[in-house]
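Please look over the sequence and the structure before reading on.

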Amino acid sequence: MTGPLSLCCLLLSAHALTLTKGYLTVYMEPLPPVVIGDTVTLKCNFHTDGSLREIVWFQITEGGSAKQKLFTYDAMYNTSYSHMEDKRRREKLVYQSTVRLSEVHMEDDGLYECHVGIYDRSSRDKVILASGSIILTVIVPPRSISVVAANSPAPFSRYEAQNFTLVCTVTGAKPAPMVYFKRDGELIDVVPTTRSDSSAGIRSKVQDLENSHRKNWAGLWSSQVLSSRDIDDTKLKKSLSLLEQEEKLAQLGQDSSDGPQPGGEEWPEFSPEPTTEVIPETVISREFPRWVQSSDPLYYFQYQQWAAGDGTMQVRALLTWSLNPLLDNEALFSCEVNHPALSMPMQAEVTLTAPRGPKLSMIPSKAKVGDTVRLMVQGFQLGLSASKVFPEPMFTWTKVGGRLLDGREEHHGRELVLERVPAELNGSMFRCTAQNPLGSTDTHTRLIVFDNPRLKKGKEHYIGKMFTLSAQTPINMFDP
């Protein structure tokens, strides 16, 4: 009888000790990412059958090295939980403490802790503590998105295929968004690259990949060397006499390919004398383009991201392919961004457009001798699908038949300034060449310089004054 009685006493003592100590469990309700500017409620649930002592909320800052107190509830000075003091009910109850953050900011991102304390049943001087934590993730939608052409402005290549790169830049996002490109509304199937400026091995692998594709895709990485007869007439300045002499030499070379005839005379070495020929001002190219292009080029994609000073991410995506002016002109390219803070994709669009028909203006419209004349490009003739010329064209000004007023052969820029135009420029023709990787175009304007009455009147007044002064000066005929 002694053994079972002792065991029963031990069980009763343990049960009484458990009832005396009390029970406390704390857990936090999970939170989805919160968009900056929204309102969020942090919920701390705790199970207990004891009497509440206090609830304290903390925000962990400075990487966990500091705590900032947000909210404190003390049962000694607040009787809102007085119903928990009912000792006749010792069942487990669930309670909840909440903290509401309105218009959350980037500074609210981080770890939050909820600390709960209850009285020990054995003594109200003792407190049982438990805590829970949760991470509040604040996400920020992209602030801006833009698409530009790399290495712009760039000239038009008439004889060689050239690579073209679109650069899409996304700023102000947290976390980093997903970026992709579309052409005419269709998703582009890209070849991802992991090129890095600090890794020579990766560069060599990418270069080997490009070399292998160069053989299979003649239109993608083509850099053919053209003979002199394939060059456009606008670039080749050879006289007809030289061409005829070259043809004669070729025929003579074919006749003598089997060796010199017995008893024949050797032809003396021919050295043509340099001759000049007037090249016409406008020459239409007979063949264009001069390289073979693929209708289905490879698109290479490169993705870069880095942290900004405000805690957000900046992303730059590059799309590179071999440009085909015949197919890519007026093609619509869009850079789109997916982000958890956006309800729909964010995008920026550009239409590749070759410059066509520049519209020139002159200020003043009637230039006089001595005026400062400004010739500028006001715009272009655009198609229905384009609102502007993209990429930004390169402008080159030249004077037909001579140099510019300051002695230069050409001037680069949208505007040409002629200071103090002389009367000798009257009737001069100026050419403006606008070009981008998709094409090139020329526009001419003629400068009409009128007489300036002020300068003419001032000159006559100056001559008359000099004549008066010379007439008033006495002349000594007898001065030795």
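## Strand E25 and its neighbours

Strand E25 and strand E26 (residues 439–447) run antiparallel and are joined by 9 bridges. The two strands form a hairpin, with 2 residues between them. Within this pairing, cysteine 432 stands opposite threonine 443 in E26. The model described here is a predicted one.

E25 also pairs with strand E22 (residues 394–399): these two run antiparallel and share 6 bridges. Here phenylalanine 395 stands opposite alanine 434 of E25. Strand E25 itself spans residues 428–436 and is mostly covered, with 9 of its 9 residues buried. Ser428, Phe430, Cys432, Ala434 and Asn436 point one way from the strand, while Met429, Arg431, Thr433 and Gln435 point the other way; all are buried.

## The chain as a whole

The secondary structure of the chain comprises 5 helices and 27 strands. Of its 480 residues, 34% are buried. The accessible surface comes to about 30700 Å², and carbon and sulfur atoms account for 53% of that area.

Contacts may also be described by separation along the sequence. Among those between residues at least 6 apart, 67% join residues at least 24 apart.

## Aromatic pairs

The structure holds 6 aromatic pairs. In one of them, the rings of phenylalanine 46 and tyrosine 95 are stacked, because their centres lie 5.8 Å apart and their planes stand at 25°, under the 30 degrees that stacking requires. This pair links distant parts of the chain, 49 residues apart: phenylalanine 46 belongs to strand E3 (residues 40–48) and tyrosine 95 to strand E6 (residues 93–101). Both phenylalanine 46 and tyrosine 95 are buried.

Tryptophan 321 and phenylalanine 333 are also stacked, since their ring centres are 4.9 Å apart and their planes lie at 20°. Tryptophan 321 is in strand E16 (residues 313–322) and phenylalanine 333 in strand E17 (residues 332–338), so the pair ties together parts that are 12 residues apart in sequence. Tryptophan 321 and phenylalanine 333 are both buried.

The charged end of lysine 67 sits over the ring of phenylalanine 58, at 5.4 Å from its centre.

## Salt bridges

The count of salt bridges comes to 11. One of them joins arginine 53 and aspartate 74, whose closest N and O atoms are 2.4 Å apart. Arginine 53 lies in strand E4 (residues 52–61) and aspartate 74 in strand E5 (residues 66–74), so that this pair links distant parts of the chain, 21 residues apart. Arginine 53 counts as buried because its relative accessibility is 15%, whereas aspartate 74 is partly exposed, at 22%.

Lysine 174 and aspartate 109 meet in a further salt bridge, at 3.3 Å from N to O. Lysine 174 lies in the loop between strands E11 (163–173) and E12 (178–183), and aspartate 109 in the loop between E6 and strand E7 (110–119), so the pair ties together parts that are 65 residues apart in sequence. Lysine 174 is buried, with a relative accessible area of 17%, and aspartate 109 is partly exposed, at 29%. Arginine 403 and glutamate 409 form another salt bridge, with their closest N and O atoms 3.3 Å apart. Arginine 403 is partly exposed, with a relative accessible area of 49%, while glutamate 409 is exposed, at 54%. Finally, Arg183, Asp184 and Asp328 are linked in a network of salt bridges.

Terms used:
Residues are numbered from 1 along each chain as its sequence is written. This is a predicted model: local features need pLDDT of at least 70, side-chain atom pairs count only at pLDDT 80 or more; totals for chains, interfaces and linings use all residues. Side-chain values use heavy atoms; hydrogens and water are left out. Buried means under 20% relative accessible area, exposed over 50%, partly exposed in between (1.4 Å probe, protein chains only). Helices (H or I, at least four residues) and strands (E, at least two) are DSSP runs, numbered from the N terminus. Two strands pair if DSSP finds at least two bridges between them. Rings of Phe, Tyr and Trp (its six-membered ring) pair if their centres lie within 6.5 Å; planes under 30 degrees apart count as stacked, over 60 as edge-to-face and the rest as tilted. A charge sits over a ring if NZ of Lys or CZ of Arg is within 6 Å of the ring centre and within 35 degrees of the ring normal. Contact means heavy atoms within 4.5 Å. Accessible areas come from the Shrake-Rupley method with a 1.4 Å probe; for residues, only the protein chains shown count as cover. A salt bridge is a side-chain nitrogen of Lys or Arg within 4 Å of a carboxyl oxygen of Asp or Glu.
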